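User: I would like to learn how to read the features of a model like this one. Please take me through it step by step.

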Amino acid sequence: YGPYQHIEKFIPRQITNILSGIKPKLYGTGEQVRDWIHVDDHNEAVHLIDKSPIGETWIIGADNDHVNNKAVIEMICELMGRPGDWYEHVNDRPGHDMRYAMDSTKLRKELGWQPRYTDQNGMRDGLKATIDWYDAHREWWQGDKDNVEQAYAKQGQ
């Protein structure tokens, strides 16, 4: 993680790009899959885990591991009033993992945790809330945006 983690990760970078008038960037084909989890869902899981027995291992996932980067960037574009294909293809990142998948069965069964932002509609709601947050808190990220984009440009991304 770098010093600009709050805007260099995939979703924050695409949102702040559009808010800055920059086309979002899709790495390679965009077929990479992640188990997307909303920050509120993650935080709720962490709070439950904090109250659990010490020494246990917990995996936090939202079962949103069926949505690839291309679908995410298209949702972001549409939610921000742009055509779904309003993005640039850039070189894939070296060593970019094609898939991350989590199994949070233990967390769900033993601690009763359930994510709220799941499936296509929940993911859209979560992305909309995230977009609104970044739009309302521009002072938190705008000062770092140029540095982040310059670093990515040097990598061809």
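**Reading the core and the helix packing**

User: Which residues of the largest nonpolar core touch the most other members?

Analyst: This is a predicted model. Its largest nonpolar core has 25 residues, and those that touch the most other members are Phe10, Ile11, Ile15, Val72 and Ile76. Two or more core residues come from each of H2, strand E1 (25-27), helix H4 (69-79), helix H6 (119-136) and H7. A second, separate core has five residues, among them Ala45, Ile60, Leu107 and Trp113.

User: What does phenylalanine 10 touch, not counting residues up to four places away in sequence?

Analyst: Phenylalanine 10 touches Lys25, Leu26, Tyr27, Trp36, Asn69, Val72 and Ile73, with residues up to four places away in sequence not counted.

User: How many residues of H2 are buried?

Analyst: In general, an α-helix has 3.6 residues a turn, so residues three or four places apart point the same way. In this structure H2 is mostly covered, with 10 of its 10 residues buried. The buried residues of H2 include Arg13, Gln14, Thr16 and Asn17, as well as Phe10, Ile11 and Ile15. Glycine 21, with a positive phi near 80°, follows H2.

User: How is the packing of two helices described?

Analyst: Two packed helices are described by the angle between their axes and the distance between the axes. Here, the axes of helix H2 (residues 10-19) and helix H7 (residues 138-154) cross at roughly 100° and come within 10 Å. H2 and H7 are therefore roughly perpendicular to each other. On the H2 side the contact is made by Arg13, Thr16, Asn17 and Leu19, and on the H7 side by Arg138, Trp141, Lys145, Glu149 and Tyr152. The residues of this contact of H2 with H7 divide into three nonpolar, two polar and four charged.

User: At what angle do H6 and H7 pack?

Analyst: H6 and H7 pack at about 75°, and their axes are 6 Å apart. The range for roughly perpendicular is 65 to 115 degrees, and H6 and H7 are therefore roughly perpendicular to each other. Trp133, Tyr134, Asp135 and Ala136 of H6 meet Arg138, Glu139, Trp140 and Trp141 of H7. The residues of the contact of H6 with H7 divide into five nonpolar, no polar and three charged.

User: Now a loop residue. Is glutamine 32 buried or exposed?

Analyst: The cut-off for buried is under 20% relative accessible area. Glutamine 32 has a relative accessible area of 0%, so glutamine 32 is buried. Glutamine 32 lies in the loop between E1 and strand E2 (33-34). Leaving out residues up to four places away in sequence, glutamine 32 touches Tyr27, Val67, Asn68, Asn69, Asp92, His96, Asp97 and Met98. The C-alpha atoms of glutamine 32 and histidine 66 are 9.9 Å apart, while the two residues are 34 apart in sequence.

User: What is the order of elements from the N terminus on?

Analyst: The protein chain has seven helices and four strands, and from the N terminus on they run α-α-β-β-α-β-α-β-α-α-α. The radius of gyration is 16 Å, close to the 15 Å that the globule rule gives for 157 residues, so the protein chain is as compact as a globular protein of that length. Along the principal axes, the C-alpha atoms fill a box of roughly 45 × 30 × 30 Å. Of the 157 residues, 41% count as buried.

User: Among contacts between residues at least 6 apart in sequence, what percentage join residues at least 24 apart?

Analyst: In the protein chain, 82% of those contacts join residues at least 24 apart.

Notes. Residues numbered from 1 in each chain as written. Predicted model: local features only at pLDDT ≥ 70, side-chain atom pairs only at ≥ 80, totals over all residues. Heavy atoms only, no water. Axes fitted to C-alpha atoms, helices over the stretch in contact; angles between N-to-C directions. Parallel < 35°, antiparallel > 145°, perpendicular 65-115°, else oblique. Contact = heavy atoms within 4.5 Å. Nonpolar A, V, L, I, M, F, W, Y, C, P; charged D, E, K, R; others polar. Core = buried A, V, L, I, M, F, W, Y, C linked by side-chain atoms within 4.5 Å. Buried < 20%, exposed > 50% of the residue type's maximum accessible area, 1.4 Å probe, protein only. Rg over C-alpha atoms; globule rule 2.2 N^0.38 Å.
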